[in-house]
Amino acid sequence: MASIGAQIKRGSAELAVLTLLARTPLHGYEIAKQIEEQSGGVLRFDMASLYPMLYGFERRSWVKAEWETLANGRRRRCYRLTPLGRKQLAPLRAQWRDFFRAFQSLTGFQDA
Amino acid sequence: MPDWKLIVHKRLPILSVASPESAEELAGHLEDRYEGYLRAELSADIALQHTLDEIELTRGNWLTLRLLKEDIMKGFTRRIGLPGVLAFAAAMAIAWALDLAHIQPKTIFLANGLFLPLPIVWLCLLPFCGALGAIISRRNGGTRLDRMIAGAFPAVILFSVLVLIFFAGWAISFLAADYSWNWAMAVPALALWMAGYGIMTAIALLAGAAVLEQAQKRSMQSM
């Protein structure tokens, strides 16, 4: 069960980050902040889980990271979804949609 | 305002030295996080404590390890080197298993005392190793060329070993008084072994990588 739990956690985190990046390029803190805000505080990312995942995406060429200088003069590394990353997102979304439908049908949860 | 670059440098010293860009990125994250807490009307002390919690000892070490791993895996190592070495290890494991099972190479004797032990079963299984190298390379973001090189990497190693043995034998002939180097025998022997262990190995490995490439191309098209 522990390994299934870890897989779900990892898979859902990947889906959340890729979904956000599909909308707009973001830097690490913005990603963590938006996930927290949009999930009503249910999902929280700390640096130890977020950055290794982003670096892993970069290694697989799913995202491209570039340094940008913000209006306040600070440098931030901005992550942008690549066409390959977009291609990965589509089946990931389909898998999770199927998973939730199956889970709803199994448990009777309407809000799962 | 705390100096976040300095804090990251002190708390994650290995990361700061090994990957300054990662350290700078994390410092920026902590800076934004801290300001976020201040905007949420936390006191400066509590905001600082909450922010520092993100890089407390265990988390900080874990983060350093994982980020350095990702850094090391970038570039050639992750796309060609590691997949290639794993493919080579798989090829050697198969050779070892075949030896344990007493499946010996077929020795082909040629004129002039030349011979070549041809490991037919091993060669037949090598496409799986080529495919393994290509899969790992693909997973690590390798291009098509990277995947092919990673798949054929065991052949590159075998080529190198054969050339090394050749020149080592030649060098020994200068050192050992009772050992003579016969170019007329050595060069054809090298060519023969390179054909058997280098070129045929490369063909078998590339076949596996190419089949995998086609299969993945079809599966992407059908999605």
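1. Chain B has a mean pLDDT of 86, and 97% of its residues reach 70 or more. Here pLDDT is the predictor's confidence in each residue, from 0 to 100. This is a predicted model: local features need pLDDT of at least 70, side-chain atom pairs count only at pLDDT 80 or more, and totals for chains, interfaces and linings use all residues. Residues are numbered from 1 along each chain as its sequence is written, and chains are lettered from A and ligands numbered from 1 in the order in which they are written.

2. Among the elements of chain B, helix H7 (residues 120-139) has the highest mean pLDDT, 93. Helix H5 (residues 57-73) of chain B has the lowest, 77. Helices are DSSP runs (H or I, at least four residues), strands likewise (E, at least two), numbered from the N terminus. The model scores ipTM 0.84 and pTM 0.58.

3. The interface: 18 residues of chain A are in contact (C-beta atoms, placed from the backbone, within 7 Å) with 22 residues of chain B. On the chain A side, H2, H3 and strand E3 (75-81) each give two or more residues. H3(A) gives the most, with seven residues. By class, that side has seven nonpolar, three polar and eight charged residues. Ala, Val, Leu, Ile, Met, Phe, Trp, Tyr, Cys and Pro count as nonpolar, Asp, Glu, Lys and Arg as charged, and the others, Gly among them, as polar.

4. Within chain A, the axes of H2 (residues 28-38) and H3 (residues 47-59) come within 11 Å and cross at roughly 120°. Axes are lines fitted to C-alpha atoms, for helices over the stretch in contact, with angles from 0 to 180 degrees between N-to-C directions. The contact is made by Gly28(A), Ile31(A) and Ala32(A) of H2(A) with Leu50(A), Tyr51(A) and Leu54(A) of H3(A). Five of these residues are nonpolar, one is polar and none is charged.

Notes. Two residues are in contact if their C-beta atoms, placed from the backbone, lie within 7 Å.
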